[in-house]
Amino acid sequence: MANYLLAALVPLLWGSTYAAVSLFLQDLSPFWVAVWRALPAGLLLLLLKPGKPPLPWGRMTLLSVFNIAAFFPLLFIAAYKLPGSVAGTLGATLPLQLMFMQWLIEGKKPELTMLLLAIIGLGGVVLILNPSADIDPIGAAAALTATALVARSSLWLKNWPVTDIFRLTAWQLTLGGLILIPIAFMVEGMPKAITYHELPGLLWVILLNSSFAYWAFSRSIKKIGPDAMAMISMLNPVAAVSLGILLVGEVLGPYQWMGIGVVIISLMLMVKMKQKAARAAKLCSA
């Protein structure tokens, strides 16, 4: 149970990223916010537990690019261009994307019921992005692409032998932050000075959403598996929607609310099906 409670904190914290951007970080570049989020978090963890990367440099770099250097800018582009509730719901398509990715890459065909639920969930995404919604297409593409990167890296984490999750997190964030620095310079030029207004938002995303949440995410992939972790990601839109309404004053149209509801219901049914299959497997093995 403790493993699942720790895993549940990850999407709740990541769902708060959109509110943090809206409340504190709107005046900063998404690329430099990505740098400030990743590099200090990684260096802090390396100070707490110095040592060599737990994976060969090639694999370590791949994870750093997919989980940090590419993912963070896309995440913040989505956060700057979309309501947090919409961005969070698109990010919660992780189970759907993971299912299709396992099918394409590993040949693991989904059960018919799970496939139908995935299609229903994608229908909810279509409702969110319907043409009358005035949803920024760049923001939507960024959110979906960022989620696809996490899905791919989750499969690597599942299959690669890693024993030191703490150092894995530290090196991912550090390498990803270092890779992002020249990209941020090329895209945005010199960074703006950080003010007292932006500091709370940065501290939140550095300490909780990066240092802690990325450690908890990698640990959860190993402890409960990528499928279960992906299902738990449905808490992301719950946090994003709640904080968007309570703190940011977001207002959505009926199609967006309907789409968010469809995605969350489909994910809840997928979790129920997974739990039922797990119980049946235990009974068969007993």
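This is a predicted model: local features need pLDDT of at least 70, side-chain atom pairs count only at pLDDT 80 or more; totals for chains, interfaces and linings use all residues.

**Helix packing and a loop lysine**

Helix α7 passes α9 in a right-handed crossing. α7 covers residues 94-106, and its axis comes within 9 Å of that of α9, at roughly 55 degrees. On the α7 side the meeting residues are Leu94, Gln97, Leu98, Met101, Gln102, Ile105 and Glu106. They face Leu144, Thr147, Ala148, Val150, Ala151, Arg152, Leu155, Lys158 and Asn159 of α9. By class, this contact holds 9 nonpolar, 4 polar and 3 charged residues.

Helix α9 itself runs over residues 137-159, 23 residues in all. From its first C-alpha to its last it reaches 34 Å, close to the 33 Å expected at 1.5 Å a residue. The N-terminal end of α9 is capped by aspartate 136, with a side-chain oxygen 2.9 Å from the backbone nitrogen of isoleucine 138.

α9 also packs with helix α4, residues 57-69, the axes lying 8 Å apart at an angle of about 150 degrees. An angle over 145 degrees counts as roughly antiparallel, which means that α4 is roughly antiparallel to α9. This crossing of α4 and α9 is left-handed. From α4, the contact draws on Leu62, Leu63, Phe66 and Asn67; from α9, it draws on Leu149, Val150, Arg152, Ser153, Trp156 and Leu157. Sorted by class, the residues of the α4 and α9 contact are 7 nonpolar, 2 polar and 1 charged. Val150 and Arg152 of α9 are listed in this contact, and both are also listed in the contact with α7.

Another pair is formed by helix α3 (residues 30-48) and helix α10 (residues 165-188), whose axes come within 7 Å and cross at roughly 150 degrees. α3 is therefore roughly antiparallel to α10. The crossing of α3 and α10 is left-handed, and the residues of their contact divide into 23 nonpolar, 4 polar and 1 charged.

The loop between α10 and α11 (199-224) holds lysine 192. What does lysine 192 contact, leaving aside its neighbours within four places in sequence? The contacts are with Asp27 and Leu28. The side chain of lysine 192 reaches the backbone oxygen of aspartate 27 at 3.2 Å. Lysine 192 and tryptophan 32 are 160 residues apart along the chain, and their C-alpha atoms are separated by 8.5 Å.

Conventions. Residues are numbered from 1 along each chain as its sequence is written. Side-chain values use heavy atoms; hydrogens and water are left out. Helices (H or I, at least four residues) and strands (E, at least two) are DSSP runs, numbered from the N terminus. The expected span of a helix is 1.5 Å times one less than its number of residues. A polar contact is a pair of N or O atoms within 3.5 Å; within protein, one must be able to donate a hydrogen and the other to accept it, and residues adjacent in sequence count only if both atoms are side-chain atoms. Axes are lines fitted to C-alpha atoms, for helices over the stretch in contact, and angles run from 0 to 180 degrees between N-to-C directions. Angles under 35 degrees count as roughly parallel, over 145 as roughly antiparallel, 65 to 115 as roughly perpendicular and the rest as oblique. A crossing is left-handed if the near helix is turned anticlockwise from the far one by less than a right angle, and right-handed if clockwise. Contact means heavy atoms within 4.5 Å. Ala, Val, Leu, Ile, Met, Phe, Trp, Tyr, Cys and Pro count as nonpolar, Asp, Glu, Lys and Arg as charged, and the others, Gly among them, as polar.
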